[in-house]
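Dear colleague,

My notes on what was found in it follow directly after.

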Amino acid sequence: MRKSDIAMQIMWSRLATICEEQAQVMLRAAFSAAVRESGDLSAGLFDIEGRMLAQAVTGTPGHVNTMASAVVHFLRKFPPQTMRPGDAFVTNDPWLASGHLHDVTVVTPAFLQGSIVGLFAATVHLVDIGGRGFGPDARDLYEEGIQVPHMYLVREGVVNEVLMELMRANSREPQQVEGDIYAIVAAGEEGARRLSEVMTEFGESSLGRLGAHILEQTEKATRKAISQLPDGVYRNHTKMDGYESPIDLRVAMHVSNGSIHLDFEGTSGISSFGINCPLPYTQAYSFYAIKCVVAPDIPSNHGAHEPFSISAPDNTIVNPLRPAAVAARHVVGHMLPDLILGCLAQAMKGQVPAESGMMWNPTIRGYRDFAGNDRMWEYFCLFAAGMGARPKQDGLDGTAFPSALKSIPVESLETGAPLVVWKKELRPDSGGAGEFRGGMGQILEIGALGEVPLRFQAMFERVTNAARGRDGGSEGACGKVSLSSGKQLRSKGQQDIPLGDCIVLELPGGGGYGDPSKRSLKAIAKDVRNGLLTEEAARAQYPHYAGSSNA
Amino acid sequence: MAAEAAKALGGTSRLGVDIGGTFTDAALLVGSKVFSTKVLTTHDAPERGVLQSIDKVLADASMKLSEVDIFIHGTTLATNALIERKGAKIAMLTTEGARDVVEVALSYRFDLFDLTIDLPTPLVERSLRLPIRERIGYRGRTLVPLNEEDILRCVERIREENIESLAICFLHSFENDAHEKRAREIIRQHLPDLPVSISSEVAGEIREYERFTTTTANAYVQPLMAAYLDRLEQRLQESGLKAPFLLMLSDGGLTDVGTAKKYPIRLVESGPAGGAMFAAAIARQEKLGDVVSFDMGGTTAKICMINSGEPETARDFEVARVYRFKKGSGLPLRVPVINMVEIGAGGGSIAHRDSLGRISVGPESAGSQPGPAAYGRGGTKPTVSDADLVLGRINPAGFAGGRMALDLDAARKAISLVGDTGGLSADEAAAGIIEVVEENMASAARVHAIECGKSIISRTLVAFGGAAPLHAAGVARKIGMGSFVVPPSAGVGSAVGFFFSPIAFELATSRHKLLAEISTEDLNDLLASMESQVLPLVEKVARSAKLYRRYRCSMRYVGQGHEIEVEIPLPLPKSDISGHLKELFEEKYQLVYGRKLPGAEVEALSWALWIGTASPALDAVDAPDTTYEPSPKSTRRIYDTYSYDWIECAVYWREDLRPGAVLAGPAVIEESETTTFVPGGMSARILGTGAIFCTELTESRAAEEAREVIHA
């Protein structure tokens, strides 16, 4: 009995290792910059009822948590008993997988001596799937690209060439899309092979017993962690810039008896542009925020999600119904953790960070390659604003929350597309003041290599609504979008970069934490010395600095 | 062994000293006999410990320093300076607009759920990262010429701030180093004594964060390392050293003091590299084919893939991780290194229960102070060594050759802390701890093998370092490997490994091109220019020894981000070089990922040239003619982690076992520095060299191995 406890634990950790191996294969074989340099992917193992048992430690909250609820939908169309070795299934349905068409989820069944024992799933962001490209301008889903309902990607080892041909034909970057899809297939195959080896080694013929143990232990630990919050209802409200009009996000967090329910009643209705956030993605980012604060160490699996539930009225921006446009759903999704943290801050005083700047991810499009030949290309960039200050630490500079994808090196970016990043530096004075200051945003200045016009897709938040401080901390600076020639640009939608001009992105800073008058003079002087805080701002934000010998 | 080594390096008595965090190890090879010793590292003046260890080991061998034919040194000093932030005050000249490259890093939170993480602090603070107006772009094109007045202004600033070392880091300098070189020239005119590191020389490859960070790290440790090496060289000469003084590099090559002073960052992992070279030498000597090197000490375990007697190498490494052993929490270095994975699993690793009640081991370590509870130096936390003692695998009386008695009661008490919370007895908890730490190491080895694109099951594990022989069987079984070997001198493996390393240097540079654009002529030109930089560094040390060249190219399908490094045989073919390269790339790609991508274009990114001598070899020793069954010194009850029960186990003293001895597990083989555990189901054989070679007895393992071979 006791021996089997330890054996169970060892098998559990082995499942996590298999997922790491699966992710590693995908990472190495992937093509698009988003996957390979930034790790925009997730990988996990599920039982044959579609419950996630283990997951690789990679990726974004969006992928990690949406994938967790995606597999069960595959099983409805393809019941496990109909699956065969060498099969792989695919979808990019935003409501049944990861929230927009760019994310493709692939499920690979794993077999042991002819019987299905588990399922591997992986999600990656494809660089282009047609439509208007990755941006917020579409008015409905049909404008956003090719839709792939649940279907066979590989059937008993034979790739669905018809589907691959359609995918290629519908992408501006067919080669990258094809390569990424093959990378996921390879990773799933590797996972399935390894799982059967491990089960053989441990003499197990099904994951039933181990799975039950994993889910039970995890759920128990998660409920225990939640029970540190006093029961009650915690409400928060935040305003965001939106596309055509500002958006109100409202949530009531009901904590009772080791479980948490989130109710988004009162949140604004859907946008007529593509920033609507399907419920799985809403759920993914909301649960993520709770986990960060309440139970960061507990492994991510179905059991960890059991104590959470969510509801939102139909056709609110956090629960749009088909066929709403959803391509840039991260714009709303990335705001949700700050909304939820605001509730948690009431329940866990002194333990919750201030609000953060987010990632700004423009897609830049050009029509000529390095040699000046006509060729349309699309490049997806990732830039990070400043993180909110933490209760005992400054916010991280140029490092975003909630999503934390690796930015693409300037040298790699300039080798991948005919662009020049003239400036990529921290943005002084952008972090909110506080005993601990918010993380600084960044300033980006990007133009074409040579005299060619460019276009870019803006989908940026916190241009009119700043990241708020907490417990007396000040808000971070708002973001700004303009051309170097001076013209102000919109924060959402496709816009032109005229010949010889550059876009200038000033990314928002994180909110501050605690009373600014308590900030150490040494810390203020250091920021001033390093040019992260101008002398004027230091005097204005920190009255005690103005009167000190450092000033 | 002497013949081949003598040819390469001119001598038969070799002295090696490795400075580690706790101990400074010396090894002396005379003919085929190894003398070794350990002294405590003297952190205030490391050369003192070096000389102490040398005196001791020379006395053991009754020799004088003047009789030594070669002296080889490895040190963690550069690493420690980076971890403890005790390097020089440095400044950096960098492209205007790119001032925060080393600070913003990759904008990556290496732990998605932990909101309290901090990222590594850059080695040069923002106020001393001085922007220069200049810009090189794609393929080395000059977009903005170098503004020399900006540099002159910086000269003043550098003087005012008493800067001790300077890094010059411009964007795209890996393709066009003109601005960096010109900037250095101007600085030298005005500040002739200031050490200057330029990014195109220190780490001439694409990706600015890694290149710039490596360059600042080189600048940061340079004054300290130069001063240390000068002092040591002088002290050694005063003590009579007449032989060449060589240094171990992170990639397993040897170089002289001059080159080490210029590129001190290349010494950063020299100790562990020595360990891998040791395992490689053993693999060659015992004709083991592909092996896995497994070095487990008090704090960490290091695992490395060794292919046909050569360690796997790489050009990326992370030093000074601030957050346990988490990837992404340290400073990335783009230097040639032996590619190994290091995890927080050692004899001193501490066990506890996590929030889910699971037993978790490491990465926190009790180190040598206070050490495991059994050491009786005030440690109360349960460690891996305590678990080994509770299970009877370690002899409480015989530890460290009997120099140190162990406190079994204290160990049991500590281990009970882990047992009680989960309702396990101390024995069961100890077994659980061992299982978990071995699982951690096996997992790390597996994932590492995938990262290297190598199969692992069919290999032999080469175990050395104080704790490895105890855990080699468990780790090998969990990976599915059928055998492991414990070589002689396993306790000072790194220092001994220095003796079997080539004199060598590697240089890498990035040239981004589609294969279709590459001509044999271009490549030969590039090769010649790299050779003109590398060859003098090697020739001045290797003198007349025969030199070998390895040329490697990192390639990928256009659009991919991860390159595969492929060895390019020399000389290059005269025609269709692109077709040739593509063939080599796709062959390797197929091997690693199981498929090719028909129709996709291939591009080359980086080129690396390695020039070096052959590695000195240990002479093979014939297998003994006859075998015999030795009788055990005694028996001891040990707790079996497979049956979860106490069983009677044979105990042998390693020095009693002659070549040809064959014994069956369960057994322990004790020696002064370590203990080898042979579980039931395995048998151990003593090879001609004295190495312990253990294999699985069962058929099923053999069958699994065969399957793996077919699969691969």
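Into which domains is chain B divided? Three are assigned: domain 1 covers 83-225, domain 2 covers 503-612 and domain 3 covers 634-704. Please bear in mind throughout that this is a predicted model.

Domains 1 and 2 of chain B

The C-alpha centres of domain 1 and domain 2 of chain B are 27 Å apart. Contact between these two domains of chain B involves 6 residues of domain 1 and 7 residues of domain 2. On the domain 1 side, the touching residues comprise 3 charged, 2 nonpolar and 1 polar.

Chain A as a whole

Chain A contains 14 helices and 21 strands. Its radius of gyration is 24 Å, close to the 24 Å given by the globule rule for 551 residues, so chain A is as compact as a globular protein of that length. The C-alpha trace of chain A extends about 75 × 60 × 40 Å along its principal axes. Of the 551 residues in chain A, 64% are buried. Among contacts in chain A with a separation of 6 or more, 74% are between residues 24 or more positions apart.

The seven-stranded sheet of chain A

Chain A has an open sheet of 7 strands, paired antiparallel in the order S2-S1-S5-S4-S3-S6-S7. The edges are formed by strand S2 (52-55) and strand S7 (158-159) of chain A; each has a single partner strand, so one side of each is left without a neighbour in the sheet. Within the sheet, strand S4 (residues 103-112) and strand S5 (residues 115-125) of chain A run antiparallel and are joined by 10 bridges.

A hairpin in chain B

In chain B, strand S32 (residues 667-670) runs antiparallel to S33(B), with 4 bridges between them. The hairpin that connects S32(B) to S33(B) passes through 4 residues. Glu670(B) has Thr675(B) in S33(B) as its bridge partner. From strand S33 (residues 675-678) of chain B, Thr675(B) and Phe677(B) point one way, while Thr676(B) and Val678(B) point the other way; all are buried.

Backbone geometry to inspect

Most residues other than glycine have a negative phi, and most peptide bonds are trans. The following sites therefore deserve mention against that background.

- Gly362(B) and Pro363(B) are joined by a cis peptide bond with omega about 0°; Pro363(B) lies in strand S22 (residues 359-365) of chain B.
- Leu570(B) and Pro571(B) are also joined by a cis peptide bond, with omega about -5°; Pro571(B) belongs to the loop between strand S27 (564-567) and helix H17 (577-593) of chain B.
- Asp471(A), not a glycine, has a positive phi of about 50°. Asp471(A) sits in the loop between strand S18 (454-459) and strand S19 (480-483) of chain A, and is partly exposed, with 18 other C-beta atoms within 10 Å.
- Ala105(B) likewise has a positive phi, near 55°. Ala105(B) is in the loop between helix H4 (101-104) and strand S6 (129-132) of chain B, and counts as buried, with 24 C-beta neighbours inside 10 Å.

With kind regards

Terms used:
Residues numbered from 1 in each chain as written. Chains lettered and ligands numbered in written order. Predicted model: local features only at pLDDT ≥ 70, side-chain atom pairs only at ≥ 80, totals over all residues. Helix = DSSP H or I, 4+ residues; strand = E, 2+ residues; numbered from the N terminus. Rg over C-alpha atoms; globule rule 2.2 N^0.38 Å. Buried ≥ 20, exposed ≤ 12 C-beta atoms within 10 Å, placed from the backbone. Pairing = 2+ DSSP bridges. Domains from an automatic or database assignment. Nonpolar A, V, L, I, M, F, W, Y, C, P; charged D, E, K, R; others polar.
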